[in-house]
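Thanks for making time this morning, everyone. I'd like to walk you through one model and stop at a few places along the chain.

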Amino acid sequence: MDTLVSLSKRRGFIFQSSEIYGGTGSCWDYGPLGVELKQNIKRLWWRDYIQRRPDMVGLDASILMHPTVWKASGHVDNFTDPMVDCLECRRRFRADKVDETPWVHYCAATKGNKFTIPSGEPCSHCGERRTLCPECGKGSLTPPRQFNLMFKTFMGPVEEDASQTYLRPETAQGIFVNFDNVAQSMRRKLPFGIGQIGKAFRNEITPGNFIFRTREFEQMEIEYFVNPRDTVEGKPADEYWHERWIADSLAWFQRYGLRAENLRLREHEKDELAHYAKRTADIEYRFPIGWSELMGIANRTDFDLKQHAQFSGKALSYFDEERKEHVVPYVIEPSAGVDRALLAFLADAYQEEEVRGEKRVVLRFHPELAPVKVAILPLLKKRDDVVRTAHAIRDTLAKHWTVVYDDTAAIGRLYRRQDEVGTPYCVTVDVQTVGDTDKGESADGKVTIRDRDSMEQVRVPIDALPAVFLDLLSGGSWAAVASRFP
Ligand SMILES: [Zn+2]
Ligand SMILES: [Zn+2]
């Protein structure tokens, strides 16, 4: 993890928020390359799930919603963690995590000497277990109290209870309250889904592990509505579609580079299921911190639509033409975090290898995820015609892709820099490209393309570059291109 954090800062992927002021806890800023990577993840998700599927549409609901939404959804009453406070140092801990960190102990058996004891273990001198604050070792802890994880804020100029609302803790509710608007305006028949990408906020007590758990994060959520009375392939429709979405989600992450051995499915036990859920499965990824949730796929039944119908007084149902009756759809919710997906893609792409006795760091991003697709590198920056040609190639390719020009180092170092940020292809412009009239050598109009993964090079006419990169960047293989330009 430290390696990824340091690479992210050094190469402009991710910076600590407000760093010059000492940083803000668990907030991170995406730098020039990080924002490209993040946009690519969101763009591919939107393209694959919203644009390419006939049964899906998109939505962009507002972050601030009517406060009753969060009463209806259960967040006001249930979205809480049990907290304890130290009466001495005022630090606050999650009641169920307080024994998961090492604890400070002033031991009466050794004249009050101070020890730091591993989490969950007793003192080896007096045998006592932790009862006081684990941080200061002096204060006693209050009984657990429920602490709501939603960020409170006020609408309008008056800070009073009537104007209090929340930053949304999930994007899902924006979809539920718009169910009827979307179904009517888009003339949808079940089954159909609504997808949304947006920020959500949770006042986590113990955020951490880089961008894995943050108080402000971005979600990619789908609510897929099905008719619970339908049967598909011998199964209730909600169970059938739940299976389909689990399989689709696993395949999506693998398509863009996560290795199968780093992914696994974990079923929620009955006692950890949310009260509204019939079944929930997490896709877990082997992060640098160990196996952890990458996304969840829940069967939320008809809970949310029924709650909002009850609290709003508006019917949120669907008229089943076949059975001539109203039905409240069940909903399958594939919910992924953009930041976690980015961390997984980054971790999976990172490799160190030895090339001719030197360490090479390379991010083997899928070409569609790579922040920069092509780097244009002039071999001789003193030759005007070489530099001019390189800039012209950059301008042409930049109409289609994110392309950079770099002449600030020798070619070996320029390649290493691009490997380290995952650029799949480099183009070098040299003297042969433009010719050398002094030596009577004519221009060949060709440039060299270098492949990041194999480090092989081929020489290609400048005119052919747009077609070659269109092929390579939309799934074409390097081997096929290499055989066309021997
Ligand atoms: Zn304390
Ligand atoms: Zn002791």
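Let's start with Ser18, which comes out as partly exposed at 34% relative accessibility. Keep in mind throughout that this is a predicted model. Ser18 sits in the loop between strand S1 (14-16) and strand S2 (28-30). I picked Ser18 for its backbone: phi is near 50°, a positive value in a residue other than glycine.

As a reminder, most residues other than glycine have a negative phi, and most peptide bonds are trans. So there are a couple more spots to look at. Glu233 has a phi near 50° as well, again positive and again not a glycine. You'll find Glu233 in the loop between strand S13 (231-232) and strand S14 (235-236). Is Glu233 buried or exposed? Exposed, with a relative accessible area of 68%.

Then there's the peptide bond between Leu190 and Pro191, which is cis, with omega at about -5°. Pro191 belongs to the loop between helix H6 (179-185) and strand S11 (192-201).

Okay, on to the metals. Which residues hold the zinc ion (ligand 1)? The protein donors are four SG atoms, from Cys86, Cys89, Cys133 and Cys136, lying 2.2 to 2.4 Å from the zinc ion (ligand 1). Along the chain, those donors follow the spacing C-x2-C-x43-C-x2-C. Look at where the ends of that pattern sit: Cys86 is in the loop between strand S4 (80-85) and strand S5 (92-94), and Cys136 is in the loop between S7 and S8, so this pair ties together parts that are 50 residues apart in sequence. Cys86 and Cys136 are both buried. As for geometry, the angles among the four donor atoms run from 103 to 119°, and the site of the zinc ion (ligand 1) is tetrahedral.

Now the zinc ion (ligand 2). Here the coordinating atoms are NE2 of His105 plus the SG atoms of Cys107, Cys123 and Cys126, at 2.2 to 2.3 Å. This site is tetrahedral too, with angles of 105 to 113° among the four donor atoms. The spacing for the zinc ion (ligand 2) reads H-x1-C-x15-C-x2-C. What does the pair Cys107 and Cys123 tie together? Cys107 lies in strand S6 (residues 103-107), while Cys123 is in the loop between strand S7 (113-117) and strand S8 (145-148), so the pair links parts that are 16 residues apart in sequence. Cys107 is buried, at a relative accessible area of 0%, and Cys123 also counts as buried, at 4%.

Next, the sheet. We have an open sheet of seven strands, in the order S3-S11-S12-S20-S17-S16-S15, and the pairing is mixed. Strand S3 (56-58) and strand S15 (263-267) stand at the edges with a single partner strand each, so one side of each has no neighbour in the sheet. On average, neighbouring strands here are turned by 25° against each other, ignoring direction. If you zoom in on strand S16 (residues 279-287) and strand S17 (residues 290-301), they pair in the antiparallel sense over nine bridges. One example to find on screen is Arg279, whose bridge partner in S17 is Asn299.

Arg360 is in strand S22 (residues 358-363). How accessible is Arg360? At 0% relative accessibility, Arg360 counts as buried. The side chain of Arg360 makes a polar contact of 2.8 Å with the side chain of Asp419. Setting aside neighbours within four places in sequence, Arg360 has contacts that include Glu352, Glu353, Arg416, Arg450, Arg452 and Asp453, along with Asp419.

Lys324, on the other hand, is exposed, with a relative accessible area of 59%. Lys324 is in the loop between strand S18 (318-320) and strand S19 (325-327). A polar atom of the Lys324 side chain lies 3.2 Å from the backbone oxygen of Glu321.

Terms used
Residues are numbered from 1 along each chain as its sequence is written. Chains are lettered from A and ligands numbered from 1 in the order in which they are written. This is a predicted model: local features need pLDDT of at least 70, side-chain atom pairs count only at pLDDT 80 or more; totals for chains, interfaces and linings use all residues. Side-chain values use heavy atoms; hydrogens and water are left out. Donors are N, O and S atoms within 2.8 Å of the metal (3.2 Å for Na, K and Ca); water is not among the atoms, so sites may look incomplete. Four donors count as tetrahedral if all angles lie between 85 and 135 degrees; four count as square planar and six as octahedral if opposite donors are over 155 degrees apart and all others between 65 and 115; anything else is irregular. Helices (H or I, at least four residues) and strands (E, at least two) are DSSP runs, numbered from the N terminus. Buried means under 20% relative accessible area, exposed over 50%, partly exposed in between (1.4 Å probe, protein chains only). Two strands pair if DSSP finds at least two bridges between them. Axes are lines fitted to C-alpha atoms, for helices over the stretch in contact, and angles run from 0 to 180 degrees between N-to-C directions. A polar contact is a pair of N or O atoms within 3.5 Å; within protein, one must be able to donate a hydrogen and the other to accept it, and residues adjacent in sequence count only if both atoms are side-chain atoms. Contact means heavy atoms within 4.5 Å.
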